[in-house]
Amino acid sequence: MVLLVELHSFAHTKIKMSLDRRKVTIFGAAAAVRLLLFTAFPGLPDLLTARVEISTPVTSFKRLQEGLFLYNHNVSPYDGGVYHQAPILLPLFSLLPSSATYPAFTYLLYILVDLLSANALMKIAESGEAGSSKLYTSPRKDKKWTSHAIAAAFLFNPFTIATCIGRPTSVFTTCAILHAISKAVVGSSFTSMFAISIASYLSMYPILLFPPLVLLCFDRRRRKSQNETIYSFVIGNVIAVAGFLYSLLQMSSIITGSWEFLESTYGVQLLLPDLTPNVGLWWYFFIEMFDSFRNFFLGVFWIHLSSYVGGLTIRLRPQPLFVLTILLGIFAIFKPYPSISDTSLFLAMLLLYRHVFPLMRYTFLALSTILYATLLGPAFYYLWIYAGSGNANFFYAITLVWSLGLSILVADALFAVLRDEWEVERPEMRGKEIRQI
Amino acid sequence: MSTSSHTPAILQEDDSRGIGKDSVPPADAFSVASTKKEPPPEKPESIRLRSLVLLSFWVIILFLGLPIWWKTTTIYRARLPLDQMMDWADGRACRPVFPLRISIEADSLQDHEAQHLLRTTQHALDDLNDFSAHHLRLQLSPPANATTSAEGVSKGGDEEEVALVIRLLPGTITKADLQSYSPILDVYYTPNQIPSSSSSSSSLATYIANTLQTMFAEEQAMIAYLLSTSSAPPERSPKALAPEVAESLAKWTTRSMKYSRTYHLTFSLFTPNATPSSWDIEAALEEHVKPLLKSFSSISNFTIDTQVQLYATPGVGGNVLKKEDLSGFINAAEWPLSPSIGGAPTVNFIVYVGDMEVEGGGKSWLIPQWGGVVIQSDISDLRPAMLTFSNQLMSLLGAPETGSLPLRLMTLVRRYHQSAFPKALQMVYTPPSSIYAKHAMD
């Protein structure tokens, strides 16, 4: 307990002096790279906006413009059947000057959101939660990257940069999730619940992160509420999230004037009416699906996606932050409209677990598979859509490879963390080959 | 994601020397057994953890998966109004009745005499008629100046048209005369036939009843035939038809075409050589066929086209066509006679230029449900061919064989309304009154 309190205060002092020089350099460089890309290649933002790997039907910036146009002309933004994003983005973007005439403001907003995400990520890294949580301390916890390195890796990750230039609204979800976690590791559960409510409101799937997040909040709760039982704590936070979501939805219905946005935003995520290709596994499957089985398999896919939450939360109860990391990886593979933005978030979170990297067995395979898919994906998409010399199977095959690479990474990371736990229990097995029996 | 089921306690050292998995130790057991290690027993805590993880999956499967599986894979079945359908199938839903109104014009008689005659004739008719669905109803035609009271006659507001008007005219002998171009039956009576108000029957009433019965016998038989094919309960089904009547009616049904809102008529001229290359079909149609079609307009619409085909050889040759050859006469392979492609069935009428003859002397014949053929060597006068075609068209549409033209037409109109009715029995969602009203309006 003394150690924990020490860690806590340590994190606080770091946060207070967060405006250190290295951080300014990293953030400045990241912003500069983005600004340079925005200004030096004026065609790049629109090119990347049109990429299916970056923009999905539920996050696309182009669709946001359509919704914004309808909204500003007093037409329901959901009337065209194109806009499937949360209503609250509309007044937010209406405040900005039009991105067609003054794109700089939009660019600055997206750069700022990226920097905020990186800032939250740094706070998570500084908390040391990855190496030693309340219930578990890894014997390897000292082997870690600095928060600056992790932030730099996130900010200079090509996936993150491409996402920022392509301006999908998933960056807001990423930012909200990272803030929810960064608030959870310092124990401010109320703010954390607010952030996860925002993320869920924007993209719906982050609500599945609630169980590990609330456990993380519970483990890191402040001393004054130490004697609170876990049940009352969870119930309190459930009520908080429900309240936040209720007020957000109520606000949205006031903004759009009706409740039809529910069907156009969350209904689209649940029922997948838009089968635009993306890096995920759903679109091709549901193109091929006979209509009579469609609803059944929608149920199967969603249950599959959500069934991981309970099992992982129970099994990895001592390390809720790792549950969040693994779930983000699983969502990046199995959610209905994934993009590389989700992958960049998962990779950023995975970097917090530097200390288990030596225990991973297939890093080379996983990373080269991901690299392979990254390079071949756009090529096969080009062959299919523009050159006409390939067909949909080309692109679907490469998204399968992509998902395979991510699955290997997720499974391997999970293995490594379990091995790490096991070695605490059986210290004599350290460094030896093991196999499952 | 199978790795998620890893539990540390069941991980075992992969020792290359620990190959001895058998329970029986090998011969050199003393050197191997020392290195072979059993995994330590699982802690109850990790067993509990594993059960909880399994439980969490099963909870999702049972409480989310099962209901979703059940709900999304059940095949939707609409609830059918079975009781109502069974009623229709058993003929209980409604009772088909085809009343015919026959109006009696008796200006020469006193009012009470006319009333009396009406009653006795109705009695005589009812006695003759043993088929309740087809019912002749007599009424006195109102005097010309009393139009307002006429509206009171038509009960229920539906304007049933009068099928036949009987004009009672004083004459020297008793005879009935059906006018050719309007549905009017002139009945001449001798003065002594006027029934006295005391007698319950009179010869005039019997005579009128018999005449009417004969006139409508064919129509009655048609309706009886149609209803016998539908599933009416036995107590309401018509009397059994005489075999020869049934046979002729069966012929009549096979000959006539299926009812359609629109028929397409094709008039074709086929000639075995290069002449004649034209015919005055337009004028002939205008003069002989169009008036007939106009009178059909209440049941069907007609579209017409014509064609001329030179160097057309018939399917069978020879100057005298045998009866069994007639079916092969139409050279279906070469003659451009379009089948019914659109919604409307096609009725083909063919004029073949030639001087062949059908065995027995005819020069025209009817092809059931298809059309008619006329063989004619000289096509300068198309009138006889057109008249034959008109007759054939009547037959093809299912008009009765006997009676004056207006009566035949009216029978045909009524017949379509009636034949539509048994079909309507299957339309269970529409209340019976509206079905009848709809077809009556057609």
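## Overall composition of chain B

In this predicted model, chain B contains 13 helices and 13 strands. Of its 442 residues, 40% are buried. The accessible surface of chain B amounts to about 24,800 Å², and carbon and sulfur atoms contribute 57% of that area.

## The annotated segment 52-70

An unreviewed UniProt entry lists residues 52-70 of chain B under "transmembrane region". In the model, residues 52-70 of chain B are 100% helix and 0% strand.

## The five-stranded open sheet

Chain B includes an open sheet of 5 strands, arranged in the order 8-7-10-13-12 with mixed pairing. Strand 8 (301-309) and strand 12 (364-367) of chain B each have a single partner strand and stand at the edges, so one side of each has no neighbour in the sheet. From one strand to the next, the twist averages 15 degrees.

Strand 7 (residues 262-270) of chain B runs parallel to strand 8 of chain B, and 9 bridges join the two. Within this pairing, Leu269(B) is opposite Val308(B) of strand 8. Helix 9 (residues 281-295) of chain B packs on the sheet and touches strand 7 and strand 8 of chain B. The direction of helix 9 makes about 155 degrees with that of strand 8 of chain B. Helix 11 (residues 383-397) of chain B also packs on the sheet, where it touches strand 7, strand 8, strand 10 (346-353), strand 12 and strand 13 (371-376) of chain B. Relative to strand 13 of chain B, the direction of helix 11 makes about 160 degrees.

## Strand 4 and its partners

Strand 4 (162-170) of chain B pairs with strand 2 (residues 98-105) of chain B in the parallel sense, over 5 bridges. Here Ile102(B) has Leu164(B) of strand 4 as its bridge partner. Strand 4 of chain B also runs parallel to strand 6 (residues 184-189) of chain B, with 6 bridges joining them. In this pairing, the bridge partner of Leu168(B) is Val187(B) of strand 6. Pairing between strands of a sheet is made through backbone hydrogen bonds, in either a parallel or an antiparallel arrangement.

## The loop residue Gly171

Gly171(B) is located in the loop between strand 4 and strand 5 (175-178) of chain B. Its relative accessible area is 23%, so Gly171(B) is classed as partly exposed.

Leaving aside residues up to four places away in sequence, Gly171(B) touches Tyr188(B), Tyr189(B), Thr190(B) and Pro191(B). The C-alpha atoms of Gly171(B) and Thr190(B) are 5.5 Å apart, although 19 residues separate the two in sequence.

## A helix crossing in chain A

In chain A, the axes of helix 13 (residues 260-271) and helix 15 (residues 291-315) come within 9 Å and cross at roughly 95 degrees. Helix 13 of chain A is therefore roughly perpendicular to helix 15 of chain A. On the helix 13 side, the contact is made by Gln269(A), Leu270(A) and Leu271(A). Helix 15 of chain A contributes Arg294(A), Leu298(A) and Trp302(A).

How values were computed
Residues are numbered from 1 along each chain as its sequence is written. Chains are lettered from A and ligands numbered from 1 in the order in which they are written. This is a predicted model: local features need pLDDT of at least 70, side-chain atom pairs count only at pLDDT 80 or more; totals for chains, interfaces and linings use all residues. Side-chain values use heavy atoms; hydrogens and water are left out. UniProt positions are given in the numbering used here, feature names are shortened, and annotations may be inferred rather than shown by experiment. Helices (H or I, at least four residues) and strands (E, at least two) are DSSP runs, numbered from the N terminus. Two strands pair if DSSP finds at least two bridges between them. Axes are lines fitted to C-alpha atoms, for helices over the stretch in contact, and angles run from 0 to 180 degrees between N-to-C directions. Contact means heavy atoms within 4.5 Å. Buried means under 20% relative accessible area, exposed over 50%, partly exposed in between (1.4 Å probe, protein chains only). Accessible areas come from the Shrake-Rupley method with a 1.4 Å probe; for residues, only the protein chains shown count as cover. Angles under 35 degrees count as roughly parallel, over 145 as roughly antiparallel, 65 to 115 as roughly perpendicular and the rest as oblique.
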